[in-house]
Each structure stands twice: as C-alpha cells, then as structure tokens.
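Please open the model in your viewer and keep the sequence panel beside it. The stops below say what to select next and what is to be found there.

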Protein chains: 2
Amino acid sequence: MPQQHRARVTREAIVLAAAREFARLGFGATSLNIILERSRVTKGAFYFHFPSKEALAQHLIDHSRRGWMEIERHRLRAASDPLRTVVLMVDDYARLLTEDELAWAGIRLLGEDGGPGELFGAWYVSWEGLLRRLLTDAGRRGLLRPGVDPGDVAGVIAAGVVGARAVSHGTAGSGDLADRVSRLWRVVLPGVATAGWWSEFQGSDPALVGA
Amino acid sequence: MPQQHRARVTREAIVLAAAREFARLGFGATSLNIILERSRVTKGAFYFHFPSKEALAQHLIDHSRRGWMEIERHRLRAASDPLRTVVLMVDDYARLLTEDELAWAGIRLLGEDGGPGELFGAWYVSWEGLLRRLLTDAGRRGLLRPGVDPGDVAGVIAAGVVGARAVSHGTAGSGDLADRVSRLWRVVLPGVATAGWWSEFQGSDPALVGA
C-alpha cells in the first residue's frame, strides 16, 4: 500500500537524520528543528511518528540495546571457550557500532548526562559483570596466566572499549573503532592468556591480530 | 581588604558550584540559574566575575589543562626511564582528577559535544602522540618485550584512561579512577614491559601495584 510505504519512508528518514545529529552533537544540543530540516519532514509528520525528541532518542537507545543483546545471546550460545567468547563478543559489538549508524547514535545517547539515556552506569556495571563471569570461568579452565586477576582484566577490557568508542567518536568517527579494539587485544591478550591459547587464537583469526 | 576578599569568596563559590553542576550534568544541561542558586550569588555578582556560562566553563577547562601541563612538564623533566614516566604521569593525572573538583569538571567539559570544549579530538591526538614518543623511546632502550608495538600500547593506555574516566564518571564518581588506572597497569604492563623492568617497578612502588 503506497500510503503505508510513504509513512515508513518518512519514519526512516526521521530516524536516520536524528541518529546523525544525535551522534554528532548529542541529545541536548540537537533541536527538533534541525532533525526536521535534515529529514525534510514537517512537524505534523514528525508527531505522527514520535511524540517527542526524547521518544526518538529512546528509540535509538533501544535499537542499540537490542543489537547488543542479540550479540550477547548469540555468542553465549556458541560453543567457544569463555575467553574467546569475550573477544568475539566485543568484536561483534565494534562491528555493530561501525556498520549501524542507529546503534552508534544509541550508544552515544546512552552515555549522555541530562539526556534520556542516563542508564550508562547500570549498563556498564552489568556489562563489566558479564565479562568478569566469563573471564573467571576462563581462569578456572586454565586459559589465563597464573596470577592474572579476571576482575582486573574485565575492568580493563570493559573500560577500554568505552574509551575506544569515546576516542573514535572524538577523532575519526566510528571508522577506527574496530582497529582500536584489535589493538586492545594485541596489547592485553598476550600478557593475560596462556601462550598456548594466544598462539591458537592468532592461528584461528590472523586478520584480527595482524597489525 | 575586605571587599577584595568578599569578591574572591564569591568568585570561588561560583566556580565550585559550576564545577559540581557541570561535572554532574554537563555544559548543555546546566543552566546559569542553577549555578546562581547553588552558589547563592546574584546575577549581577555573577556577571561581575564572568561574562557568560561559556566563559566559566572555559575557565574550568583552562584550569584542568594547566594542571595536566604542569604534570607533563614535571614528569618529563624528572630523571625516570620513559616507561616509568608514562606510568607516573598517568598516575599524577588520575590523582589530579580525583582530588581537584575543578579539574574533574574541566576534563568532562573538554569532551562534551556542543559545549565550549569541543577540543577533545585535538587534545587526545596530542596526548596519544606524547605517549607514543615515550613508549617508542622505551622500546629503543630495550624496556619493552620483543614484538610489542609502542604505538599499540600508547593507543590502549591513552584510550584506556579516557574510558576509565568515563566509567568512573558514570558509576562511582571520581573516587575509583586511581583504582581503575592501577588495574590498567596490572593488566597491561606485565605483558608489555620486560620482566626485569616490571619486577623492579613493582619493587619500587608496591602501593601502586597491590591489588
């Protein structure tokens, strides 16, 4: 039906324009007017789709969270060892943020104070917790070097990814996030994983490790 | 002179109240009115000291930058090896941000899009560059393990500190920043520095390394 089609096209235009502006300027500094201008949509058409700028931002945050949870579910179900699960999960996450402008905007909104996100703290704590459980399991299975504290590693990886995203955002855009995450693996894993795990891992995915 | 004294007290009250609100909500979401309310200062008195909210934010950013440059100058002048210089510099920086509310607010403002800072990208590039030069020098002096790329390590430490700050900001406040930085050293340095450097370093500063 052409009318339904037109409505969907309008909605997608609003969401994409908003994602780009939110990603660039954040929630607070992005006006509804600029979103209307960029999406070439009238105020009336906008309100047909979204009750407010907040609702639109929340839509992007939810989109980003769904993508992340899908990755989590997928990677936790796959038959990888727990250390490999951590690495592949974070790589998938970097890929999602790089390839999906809506997810990139959503994650930026999640961390914005005064915005509708303000859930960054809760999200972060649960994410670092997931990494800690996986890394503790990796330690129990003898995949970590003696003396390595799984909680320390979880904190460094979790905060390292947050930092990599922030730095990509502030410098090159999302384009170099995957590269920054690869650097994190090259620097952290050789000192943390057993030599056997690391050489097997490098053999299984040279692209990921190649400088 | 009592009048000069009163003016100084007023100015300090404005700056401290602004630092707390900016740190909490960011530049965009902090109104001039809330700063006046928190500092118990009239609008007239405010404008005697600062022409605008932007000028006040810039004052905090400048304060933070001065603190950082002072640390840099001090640590580059000290007779440490370059790897130790990196570690002590970052530790000093974490201490500054933890102990000085004005610097904590300034660094948060520096990274805020749409705020007066918007210099995060330039600051970050120059900072990662400084770490890269020091770590390249450390490599030349044989302080890094064979095969370790100094540029990778610089990127991971620089983005790791950015992430640690963001995570502290979003969870515990500035209180756990130094602890997050210590974790970064415990996880990264043993795999990056030679065993000799690392054991000597641990011996010289057990407090920094103790879990």
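A residue is called buried when its relative accessible area is under 20%, exposed when it is over 50%, and partly exposed in between, with a 1.4 Å probe and protein chains only. This is a predicted model, in which local features need pLDDT of at least 70 and side-chain atom pairs count only at pLDDT 80 or more, while totals for chains, interfaces and linings use all residues. Residues are numbered from 1 along each chain as its sequence is written, chains are lettered from A and ligands numbered from 1 in the order in which they are written, and side-chain values use heavy atoms, with hydrogens and water left out.

**First stop: an arginine in a loop**

Select B:Arg40, which sits in the loop between helix 2 (32–39) and helix 3 (43–49) of chain B; helices here (H or I, at least four residues) and strands (E, at least two) are DSSP runs, numbered from the N terminus. B:Arg40 has a relative accessible area of 79% and is therefore exposed. Although B:Arg40 is not a glycine, its phi is positive, at about 55°. Most residues other than glycine have a negative phi.

Now move to A:Arg40, placed in the loop between helix 2 (32–39) and helix 3 (43–49) of chain A. There the phi is again positive, about 55°, for a residue that is not a glycine, and A:Arg40 counts as exposed because its relative accessibility is 78%.

Keep chain A in view and select residues 31–50, which an unreviewed UniProt entry annotates as "DNA-binding region"; UniProt positions are given in the numbering used here, feature names are shortened, and annotations may be inferred rather than shown by experiment. The span is 75% helix and 0% strand, and its end C-alpha atoms lie 14 Å apart.

Select residues 101–110 of chain B, which form helix 6, a mostly covered helix with 9 of its 10 residues buried. Among the buried residues are B:Trp104, B:Ile107, B:Arg108 and B:Leu109. What covers the buried residues of this helix includes helix 1, helix 4 (53–77), helix 5 (82–99), helix 7 (120–140), helix 8 (150–170) and helix 9 (177–192) of chain B.

From here, select B:Phe22, in helix 1 (residues 2–29) of chain B. B:Phe22 counts as buried because its relative accessibility is 0%. Leaving aside residues up to four places away in sequence, B:Phe22 is in contact (heavy atoms within 4.5 Å) with residues including B:Ile35, B:Leu56, B:Leu60, B:Arg108 and B:Leu109.

Next comes B:Arg165, which lies in helix 8 of chain B. Is B:Arg165 buried or exposed? Its relative accessible area is 17%, so B:Arg165 is buried. Beyond residues up to four places away in sequence, B:Arg165 touches B:Leu97, B:Trp104, B:Ile107, B:Arg108 and B:Leu177.

For chain A, select A:Arg165, found in helix 8 of that chain. A:Arg165 is buried, with a relative accessible area of 16%, and it touches A:Leu97, A:Trp104, A:Ile107, A:Arg108 and A:Leu177, again not counting residues up to four places away in sequence.

**Third stop: between the chains**

Display both chains and select the residues at their contact, to which chain A gives 33 residues and chain B gives 33 residues. About 2,500 Å² is buried between chain A and chain B, 64% of it on carbon and sulfur atoms; buried area is the accessible area (1.4 Å probe) that two parts lose on being put together, summed over both.

How many salt bridges does the rule find across the interface of chain A and chain B? There are 8, a salt bridge being a side-chain nitrogen of Lys or Arg within 4 Å of a carboxyl oxygen of Asp or Glu. To view a salt bridge, select A:Arg183 and B:Asp152, whose side chains meet at 3.7 Å, N to O.

On the side of chain A that touches chain B, the elements that give two or more residues are helix 1 (2–29), helix 7 (120–140), helix 8 (150–170) and helix 9 (177–192) of chain A. Helix 8 of chain A provides the largest share, 13 residues.
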